[in-house]
Amino acid sequence: KGFVADALLGNWDVVGTSPETGGFDNIMIGKDGKAYRIDNGGALAYKGAGGLKGSKFGDTVTEIERLRDPHVNPQAAAIYGSISNADIYKQVQQLQAKRIQLLDATPPDMREKVKNRLDWLVKNYGTPESSEPGYVSPGSIYVGKAAIWVGDPPDYKTIYGAPADDL
């Protein structure tokens, strides 16, 4: 629950990254059995430790894939790695239904960025065909690079932004 909102807001360390806690230090399981986010410091333009994300927080919501990829974010992938395309589609629809409230609650200097990211989500994951098993968005960071691998990718550092002349 809340995966697409975390991706939209670029909440890179939603689950946590602390080695002392096994990387699960930004969520807490309450007595009611529900997960609670206790630190959203890594959302929007800032990294969890406070530095700016810069161009890595763009209009494309790469977090839809990066938060599910154990090679990029093993802590988040442990929680979100098995989320279905149907669940992503439903969550995109829920966010789109709250679009005005969401943008009104967004800091003014981030509204245009969040609007662009929401538009990207609706375009790439808000269509009925995007809810089908095996769907890969045309805007995916995997298209033409890694969507065909089985098991571990051959060179995930190349796939995620290093020089990719041979891809």
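Guide: Buried here means under 20% relative accessible area, exposed means over 50%, and partly exposed lies in between, using a 1.4 Å probe and protein chains only. The model is predicted: local features need pLDDT of at least 70, side-chain atom pairs count only at pLDDT 80 or more, and totals for chains, interfaces and linings use all residues. Residues are numbered from 1 along each chain as its sequence is written, and side-chain values use heavy atoms, with hydrogens and water left out.

Visitor: Why is R99 called buried?

Guide: R99 has a relative accessible area of 18%. The limit for buried is under 20%, so R99 is classed as buried.

Visitor: What makes D119 and R99 a salt bridge?

Guide: A salt bridge requires a side-chain nitrogen of Lys or Arg within 4 Å of a carboxyl oxygen of Asp or Glu. The closest N and O atoms of D119 and R99 are 2.4 Å apart, so the pair meets that definition. D119 lies in helix α6 and R99 in helix α5 (residues 99–105), so this pair ties together parts 20 residues apart in sequence. Helices are DSSP runs of H or I with at least four residues, numbered from the N terminus.

Visitor: Why is D119 called partly exposed?

Guide: D119 has 29% relative accessibility, which falls between the limits for buried and exposed, so D119 counts as partly exposed.

Visitor: Which other residue meets D119 in a salt bridge?

Guide: K115 does, with N to O at 3.0 Å. D119 and K115 both lie in helix α6, 4 residues apart, about one turn of the helix.

Visitor: How many salt bridges does a search of the whole structure find?

Guide: The search finds 4. One of them joins the side chains of R117 and E63, at 2.6 Å from N to O. R117 is in helix α6 (residues 111–125) and E63 in helix α2 (residues 63–66), 54 residues apart, and the pair links distant parts of the chain.

Visitor: Why are R117 and E63 called buried?

Guide: R117 has 0% relative accessibility and E63 has 2%.

Visitor: What is N124 in contact with, leaving aside its neighbours within four places in sequence?

Guide: Contact means heavy atoms within 4.5 Å. N124 is in contact with S130, Y135, S137, P138 and G139. N124 is placed in helix α6, and its 4% relative accessibility makes it buried.

Conventions
Helix = DSSP H or I, 4+ residues; strand = E, 2+ residues; numbered from the N terminus.
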